[in-house]
Amino acid sequence: MKALVPTGDAREAVAFADVDEPEPRPDEALVKVAAFSVNRGETFQLEGDRPGWRPGKDVAGLVVQAAADGSGPACGTRVVGHPPSAGWAEYAAVPAGSLAELPAPVPVETAAALPLAGLTALRLLRAAGPLAGRTVLLTGASGGVGHYVTELAAAAGAEVTAVSATPERGRRLAEFGAAVVPDAASAEGPFDLVLESTGGRAFPDALARLRRRGTLIWFGQASRTPVTLDFFRFFDGPESATIRHFHYEDADTANADDLAVLVRLVADGRLHPEIGRSADWAETAAVLADLRERRVRGNAVLTIDR
C-alpha cells in the first residue's frame, strides 16, 4: 500500500513510499483511510530520527476488518479513529478502544479533524471544571484545539478571551462569542482561568492576568521556548495561583467514548470543526509547511481519493 513516510528534509517533510499493509493485533481493526488530519505538533515530530516510525494520529474511513477479539465496530462501519501512529496511509491498524462510529450526516473529512484536537479540547475543559460565569483566557487560540475550546467553553457559559495573532485568524473565534486579542499582554483581566499553550513570553504575560487564587492549565509550548517565571510577580495579582500541567492522554475516559461524544456534538450541530485547509494527500508536504508557519486556521485535512 501507499503511505507517507518522513524524509528528514525540512522543506519536504514527507514523501510517498510502498509499505506493507498493517497486520492488526487482536484488539485492532483495519481501517481503509478516506481522510486524515495533520497537526502542528506532528511537524515537530517529523524532525527527529525515529527509524521505522510513520506519522498519523487522526483518521476517518471504513472498517474493512473488525478486531479479532470482537471489540469495536463491525466490518463495513464508517468510523473516526485515533491510532498511536501510521495513520497517513491507505490502511491503518487502529485500536478498537480508539474508534467511534460515524452517523451518516457526519462526513469523513469533518470527522478526521476531531481526534487529537477534539480530545485535547474536551479533556482540557473537563480538567478546568464548571465554566458557567467564569472568565477564561486562551492562548494559541487560532489552531484546531483553540477553535474547539472556544466554542465549547462559550456554549458552557464562559466569557472567553482568545489570543490570535491576526484578526483574520481570530474571525471564527469572534463568531463563537470570544473577545479576540493579538497577545496575552493585551488581554483585560483578571481571569478566573487561563489555558496556556504557547510558552515563552506568553506564559508569564498570561499568568499575570490571572486573578488571585486562579488556575492556569498549561497544555502546550507551541513557541518551543522555555518559560521563565519570577516568584515575586505573583504578588502583583495572581497570588496563590495554581499552575497545572495537562496532557490529553492522561485521561480517565477511553478514546472511543470521548470520540463518540465529539461525533455526537457535531451531528447535533453543537460543535463545528474549522477546516482551514482541505486537499488531496499528495499535497501533504506543502500543507505541513503551511501549518508549521501558521498559515492554516483551525484544522488541515487531507483526503485519499481512490
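This is a predicted model: local features need pLDDT of at least 70, side-chain atom pairs count only at pLDDT 80 or more; totals for chains, interfaces and linings use all residues.
Which element supplies the largest share of the lining of the largest pocket?

1. The largest pocket. About 1,000 Å³ of space lies in this pocket. Its lining comprises 36 residues, and those closest to the centre are Arg40, Gly41, Leu116, Val145 and Phe219. The answer to the opening question is helix 1, with five residues of the lining. At least two lining residues each come from helix 1 (40-45), helix 3 (115-128), helix 4 (144-155) and strand 15 (299-303).

2. By residue class, the lining of the largest pocket consists of 13 nonpolar, 17 polar and six charged residues.

3. Phe232 belongs to the loop between strand 12 (210-218) and strand 13 (242-245). Phe232 counts as exposed because its relative accessibility is 61%, and the cut-off for that class is over 50%.

4. Most residues other than glycine have a negative phi. Arg224, which is not a glycine, has a positive phi of about 65°. Arg224 is placed in the loop between strand 12 and strand 13, and with a relative accessibility of 43% it is partly exposed. Ser240 likewise has a positive phi, near 60°. Ser240 is also found in the loop between strand 12 and strand 13; its relative accessibility of 52% makes Ser240 exposed.

5. A cis peptide bond. Most peptide bonds are trans. The bond that joins Gly189 and Pro190 is cis, with omega about 0°. Pro190 is located in the loop between strand 10 (179-181) and strand 11 (191-196).

6. Is Glu28 buried or exposed? Glu28 is buried, because its relative accessible area is 7%, and buried means under 20%. Arg25 is partly exposed, at 47% relative accessibility. A salt bridge also joins Asp205 and Arg201, whose closest N and O atoms are 3.0 Å apart. Here Asp205 is buried, with a relative accessible area of 18%, whereas Arg201 is exposed at 52% relative accessibility.

7. Arg270 and Asp268 form a salt bridge in which the closest N and O atoms lie 3.5 Å apart. Arg270 has a relative accessible area of 46% and is therefore partly exposed. Asp268, at 47% relative accessibility, is partly exposed as well.

8. Position of Pro273. Pro273 sits in the loop between helix 7 (255-267) and strand 14 (275-280). Pro273 counts as buried because its relative accessible area is 18%. What separates Pro273 from Asp69 in sequence and in space? The two residues are 204 residues apart in sequence, and their C-alpha atoms are 33 Å apart in space.

Conventions: Residues are numbered from 1 along each chain as its sequence is written. Side-chain values use heavy atoms; hydrogens and water are left out. Helices (H or I, at least four residues) and strands (E, at least two) are DSSP runs, numbered from the N terminus. Buried means under 20% relative accessible area, exposed over 50%, partly exposed in between (1.4 Å probe, protein chains only). On a 1 Å grid over the protein atoms alone, a cavity is a set of points where a 1.4 Å probe fits but cannot get out, and a pocket is an open set with protein on both sides within 12 Å along at least five of seven lines; lining residues have an atom within 4 Å of a point. Grid points are joined across faces, edges and corners, and a volume is the space filled by probe spheres set on the points. Ala, Val, Leu, Ile, Met, Phe, Trp, Tyr, Cys and Pro count as nonpolar, Asp, Glu, Lys and Arg as charged, and the others, Gly among them, as polar. A salt bridge is a side-chain nitrogen of Lys or Arg within 4 Å of a carboxyl oxygen of Asp or Glu.
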